[in-house]
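Here is a short briefing on a structure with more than one topic to cover.

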Amino acid sequence: MQDFDSLKNMWQQPAKGGEVSREILDSITHTKTTKMKLQKPQLHGAIALTITAIFIACLALFGNLNFKHWYTYGGMVLICLICLVQAGFMYATYKKIKTIDDTVEPAAHLQQWEAYYDLRKKQNRWNMPVYYLLLNVAMAIYMVEIFTGRPVVNVLIFIGVYAAWMLFAYFYLGRKNLKKEDNRLQTIINDLKSIEGQLKKSE
Amino acid sequence: MNQQDEFTRLYNEYGEGIKKLCLGYTGDAVLAQDLLQETFIAVWNNMQQFRADAKWSTWIYRIAVNTCLTHLRKKTATLVDIEATSLAMLPEDINTKEQEVQLLYKCISQLPETERVIITLVLEDKPYEEIASITGITEANLRVKIHRIKKQLTQIYNSHAGL
């Protein structure tokens with residue numbers, strides 16, 4: 001029968017392989033933490049969307065497109081704006097993760113992560129559907145002039161295939177993924193809340 | 001002393017203790033190594049913010065505790081009822097010292113998350129005042145909690161060790 005002091009003596013033996021390796025010292029510059037892994041796609045997404053918006057704007061301004069109707073340019077402007085707003089959202093998410101302070105007390109640290117996952121959950125529910133809906137509206141406005149004068153059958157086939165894919169992507173794939181992602185985020189939030197609860201119980 | 005030298009000193013001084021904390025928290029050597037690495041990357045990234053009025057030890061252990069507590073993992077059963085836990089997951093023969101230590105890590109990893117952290121700091125012989133500062137729990141509450149966790153851990157260990 002071991003008592004706690006025996007366990008303490010056992011614990012205080014040097015850990016197996018516990019010798020200080022240079023591995024961490026050498027790898028800190030190129031190893032990614034969980035936080036960095038979450039930050040990266042947000043920042044890259046924001047940059048990619050900004051570049052896309054700039055590219056479309058340049059195309060509209062200097063591309064000699066010679067569209068006849070103002071609303072075609074309007075569609076392009078709308079696409080640029082939607083991309084920029086979405087880039088703004090992604091950048092805000094990136095900043096939210098970046099500002100999580102790893103040095104504060106555990107309860108405050110857990111709350112910061114809870115707030116982040118809560119934001120992700122909200123974004124999944126309204127940001128992505130609204131983003132895709134607005135982008136499709138803008139695309140539709142842009143396409144009006146492109147389709148004008150084309151054979152009706154070709155236009156109908158294009159619209160049919162496009163609409164079918166969007167409906168399938170949104171109502172089947174999108175909802176399935178949303179549910180899965182929603183459950184995953186809720187599990188994480190519950191886990192964090194449970195640990196936070198353990199800390200609060202101590203108070 | 002530049003940042004690299006300071007970091008090396010900190011790693012040499014606290015690396016082993018943090019590794020044990022991570023081992024106790026996860027009960028898994030690979031995961032513990034990941035958490036150790038994450039902790040020291042966070043230390044490197046936040047070193048500029050360190051204020052001289054705090055202790056390096058408290059500051060680093062708090063980062064390690066935060067890294068462990070927010071580590072997202074597959075759910076493992078929390079052991080409260082010793083009888084309900086399968087002994088199959090534990091080493092068959094705990095005769096050697098190393099196996100005893102491994103068993104101790106496994107037993108700690110079966111406690112609720114915050115209790116793992118607290119008992120690990122106790123085993124590291126951290127003063128109660130410092131444990132309170134690391135975890136943000138008041139000293140008075142810690143004393144009560146630690147007394148209970150010590151009893152629980154000893155009970156779990158002895159049950160698994162078959163003594």
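Helices (H or I, at least four residues) and strands (E, at least two) are DSSP runs, numbered from the N terminus. The model is predicted: local features need pLDDT of at least 70, side-chain atom pairs count only at pLDDT 80 or more, and totals for chains, interfaces and linings use all residues. Residues are numbered from 1 along each chain as its sequence is written, chains are lettered from A and ligands numbered from 1 in the order in which they are written, and side-chain values use heavy atoms, with hydrogens and water left out.

**Nonpolar patch on chain A**

- H5(A) gives the largest share of a nonpolar patch, three residues.
- The patch covers about 440 Å² and is made by A:Val85, A:Phe89, A:Trp126, A:Val130 and A:Leu134.
- Patches are made of residues with over 30% relative accessible area and no salt bridge; like charges are joined within 9 Å, nonpolar side chains (Val, Leu, Ile, Met, Phe, Trp, Tyr) within 5 Å.
- Accessible areas come from the Shrake-Rupley method with a 1.4 Å probe; for residues, only the protein chains shown count as cover.
- Helix H4 (70-98) and helix H5 (106-147) of chain A each supply at least two of the patch residues.
- A:Val130 sits in helix H5 of chain A and is partly exposed, at 40% relative accessibility.
- Buried means under 20% relative accessible area, exposed over 50%, and partly exposed in between (1.4 Å probe, protein chains only).

**Interface of chains A and B**

- In contact (heavy atoms within 4.5 Å) are 45 residues of chain A and 62 residues of chain B.
- The two chains bury about 4,900 Å² between them, 62% of it on carbon and sulfur atoms; this is the accessible area (1.4 Å probe) that two parts lose on being put together, summed over both.
- One salt bridge is counted between chain A and chain B: B:Asp125 meets A:Lys8 at 2.8 Å, N to O.
- A salt bridge is a side-chain nitrogen of Lys or Arg within 4 Å of a carboxyl oxygen of Asp or Glu.
- On the side of chain A that touches chain B, H6(A) gives the most, with six residues.
- B:Glu113, in helix H5 of chain B, is buried at 9% relative accessible area.
- The side chain of B:Glu113 makes a polar contact with that of A:Gln198 (2.9 Å). Such a contact is a pair of N or O atoms within 3.5 Å; within protein, one must be able to donate a hydrogen and the other to accept it, and residues adjacent in sequence count only if both atoms are side-chain atoms.
- B:Thr120 is buried, at 0% relative accessibility. Leaving aside neighbours within four places in sequence, B:Thr120 is in contact with A:Trp11, B:Lys20, B:Leu21 and B:Ile108.

**Chain B overall**

- Chain B has seven helices and zero strands.
- Of its 163 residues, 57% count as buried.

**Salt bridges within chains**

- The whole structure holds twelve salt bridges over all chains.
- A:Lys35 pairs with A:Asp102, the closest N and O atoms being 3.5 Å apart. A:Lys35 is in helix H3 of chain A and A:Asp102 in the loop between H4 and H5, 67 residues apart.
- A:Asp182 pairs with A:Arg125 at 2.8 Å. A:Asp182 lies in helix H6 of chain A and A:Arg125 in helix H5, so the pair ties together parts 57 residues apart in sequence.
- B:Glu6, B:Arg9 and B:Glu13 are linked in a network of salt bridges.
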